[in-house]
Amino acid sequence: DEYADCRKDNLFYPFASRNEWEVADFLLWSSLSMAAINEFLALSMIHELKLSFNNAKELQSRAEMLPKGPSWKCQVITSSHSMKHPIRLFWRDPVECLESLFSNPLFHDKLDFVPHRVYTTAAQVLRVYSEWLTGDFAWDIQNQLPRGATILGTVLSSDKTNITTMTGARVAHPLLLGLANIRMCTHTKLSSRAFLLTALLPIPQYLHPNQRMRGMLEDRLIHECLVIVLKPLMIAAEIGIMMSDPVGNVRHCYTPLAAYIVDTPEACMLACVRGKTSPFTMASYLEFGDSFRHPECTRSVTLEQLANIKADPNNLEAFFEACAEYRLNGVHAPFWMYWLYADPSVFLTPESLHHWHKEFWDHDLHWCLVAVGVLELDFRFSILQPITGYRHFSCGISKLKQVTGRVHRDVQRYIIGLIAGTAPRHFVTAIRALMDVRYMAQSPSPNDNLLTSIDQLLLVFHQNKDVIMTLGARMGTKKPINNWFIPKLELMQSITASTRKVGALIQWSADATEHAHISEIKDPTRHTNNNDYDPQICRHLDRLEKLRCFEIATTLKSHVVD
């Protein structure tokens with residue numbers, strides 16, 4: 001802080017007093033435009049306050065003098081392939097972002113530092129998995145680190161999101177960063193701000209005539225950008241870095257990749273596999289309906305497959321064709337190959353929002369509509385007694401549009417009771433088995449018995465799923481489908497294995513990260529001039545972070561003085 005000496009006499013410098021700081025903080029956090037702020041500051045009542053700033057420009061210049069957090073950088077990415085626009089990558093040091101979370105005083109009693117195993121009794125018979133540090137992955141890494149080292153699990157999330165409404169069709173690709181050591185009840189809470197925007201990944205428009213080659217180039221670019229952004233974390237994972245915790249203790253920290261929260265297409269891109277291939281296992285689309293879990297698609301397996309491909313990566317068509325044997329997507333240098341301990345079979349986990357609830361809406365509910373009948377099921381929903389706290393579907397559910405994850409959960413509460421008695425018994429058994437798997441997998445503290453029950457319920461579904469085909473319930477747009485090529489169904493086979501590695505899977509739900517897109521991307525976009533969004537988003541977030549940190553620091557300091 002270059003103005004630290006000034007704040008020895010005036011804690012609220014560059015503002016004259018706490019009252020002036022509160023006025024400035026209110027105006028800068030508000031959605032008022034610069035013109036509206038100027039009108040407000042021109043009021044005669046405000047003039048009587050004798051503020052040290054007279055207009056919005058002076059106010060913002062004073063805000064820039066506040067202590068800053070991780071600074072933003074812009075890097076131009078060169079490419080040998082032609083594209084419509086130059087590629088710009090906006091990012092900030094992920095180690096600084098991780099340290100800001102780790103040293104945040106608001107999390108001082110919400111952090112865990114040591115891997116541990118939890119059992120229900122002293123006999124250590126029944127193990128419980130909850131926080132990330134209770135899983136096997138953190139335990140195994142700690143055994144390989146020097147004595148006294150602290151393991152800081154890095155949580156990443158990326159997903160494309162619209163930043164304009166109604167018109168414009170502008171899309172951003174944010175990379176969010178979180179800390180796995182923050183307890184589940186805190187970092188899954190939407191208001192905790194436990195995820196920080198670390199980078200705005202580019203969305204290129206390549207001019208290659210072949211659409212598949214354009215897709216492969218885009219995937220390669222994402223991995224290249226991730227290597228640039230995450231390089232400091234990769235170095236810290238190998239040699240460690242000194243960081244201060246919220247109470248001032250300096251710790252020797254290592255930063256392995258704990259989890260990467262993504263939807264199914266992006267999971268395949270990160271695992272370097274093509275579509276119709278599982279990102280978790282060696283299963284292809286022909287094996288998605290199997291009743292057992294296939295061998296894991298581990299780091300060593302993928303790197304060995306890439307090493308076996310002799311084609312030149314710069315010869316796009318030849319390399320893509322050579323990748324077909326292993327069902328790889330053409331990325332020759334995945335970002336995780338440079339990150340010690342990073343393994344796609346570990347950091348990619350089944351995710352409740354995109355994998356479980358979306359699978360229910362896209363498949364299970366459609367099977368029920370065919371088996372019971374659209375009119376009958378809508379009628380049964382409409383005559384349910386309204387219950388406070390539960391959504392009532394007065395017009396049924398078959399014609400709902402733009403449904404959210406909340407609607408998926410609301411429908412799941414009723415569906416088993418509504419199809420019982422009208423659908424065949426084996427059909428109800430199959431749907432009930434998948435429903436029980438979803439509810440059990442969302443447990444914040446599953447134990448070995450519950451995980452065994454999940455595997456048994458998946459087997460029950462596969463034993464009874466043939467009735468869905470017999471009824472013709474698995475329908476396409478025009479005719480019945482006679483296969484089980486459903487990726488999300490195969491991903492359910494990895495629930496128990498992932499839970500044992502990284503703890504309860506509900507903590508890796510995309511609910512928190514999708515909500516973070518509002519505060520990190522969409523709200524800042526509304527403060528731009530709707531042109532060249534990325535630098536303006538970064539500038540706005542930088543200012544808000546200064547305000548947030550300064551408010552915390554002055555509040556704590558004032559309490560100490562008092």
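1. The model is predicted. Helix α15 (residues 374–382) and helix α16 (residues 405–419) have axes that come within 11 Å and cross at roughly 115°. The crossing by which α15 passes α16 is right-handed.

2. The contact between these helices involves Leu 377, Arg 380 and Phe 381 on the α15 side. On the α16 side, the residues are Val 411, Tyr 414, Ile 415, Leu 418 and Ile 419. Classified by residue type, the contact of α15 with α16 comprises seven nonpolar, no polar and one charged residues.

3. Helix α14 (residues 352–372) packs against helix α17 (residues 425–441) at an angle of about 165°, and their axes are 11 Å apart. Because angles over 145 degrees count as roughly antiparallel, α14 is described as roughly antiparallel to α17. The handedness of the crossing of α14 and α17 is left-handed.

4. Which residues of α14 meet α17? They are Trp 356, Glu 359, Phe 360, Asp 364, Trp 367, Cys 368 and Ala 371. Their counterparts in α17 are Phe 427, Ile 431, Leu 434, Met 435, Arg 438 and Ala 441. The contact of α14 with α17 divides into ten nonpolar, no polar and three charged residues.

5. Strand β11 (residues 250–254) pairs with strand β5 (residues 150–151) in the parallel sense, over two bridges. Strand β10 (residues 241–244) pairs with β11 in the antiparallel sense, over four bridges.

6. The strands β10 and β11 form a hairpin, with five residues between them. Within the turn, Gly 248 has a positive phi of about 95°.

7. Is strand β2 (residues 87–92) mostly covered or mostly open? Strand β2 is mostly covered, as five of its six residues are buried. Strand β1 (residues 72–77) pairs with β2 in the antiparallel sense over six bridges, and Ile 77 has Ile 87 in β2 as its bridge partner.

8. Strand β2 is also joined to strand β9 (residues 195–201) by two bridges, and these two strands run antiparallel. In this pairing, Phe 90 stands opposite Leu 200 of β9.

Notes:
Residues numbered from 1 in each chain as written. Predicted model: local features only at pLDDT ≥ 70, side-chain atom pairs only at ≥ 80, totals over all residues. Heavy atoms only, no water. Axes fitted to C-alpha atoms, helices over the stretch in contact; angles between N-to-C directions. Left-handed = near helix turned anticlockwise from the far one by under 90°. Contact = heavy atoms within 4.5 Å. Nonpolar A, V, L, I, M, F, W, Y, C, P; charged D, E, K, R; others polar. Pairing = 2+ DSSP bridges. Parallel < 35°, antiparallel > 145°, perpendicular 65-115°, else oblique. Buried < 20%, exposed > 50% of the residue type's maximum accessible area, 1.4 Å probe, protein only.
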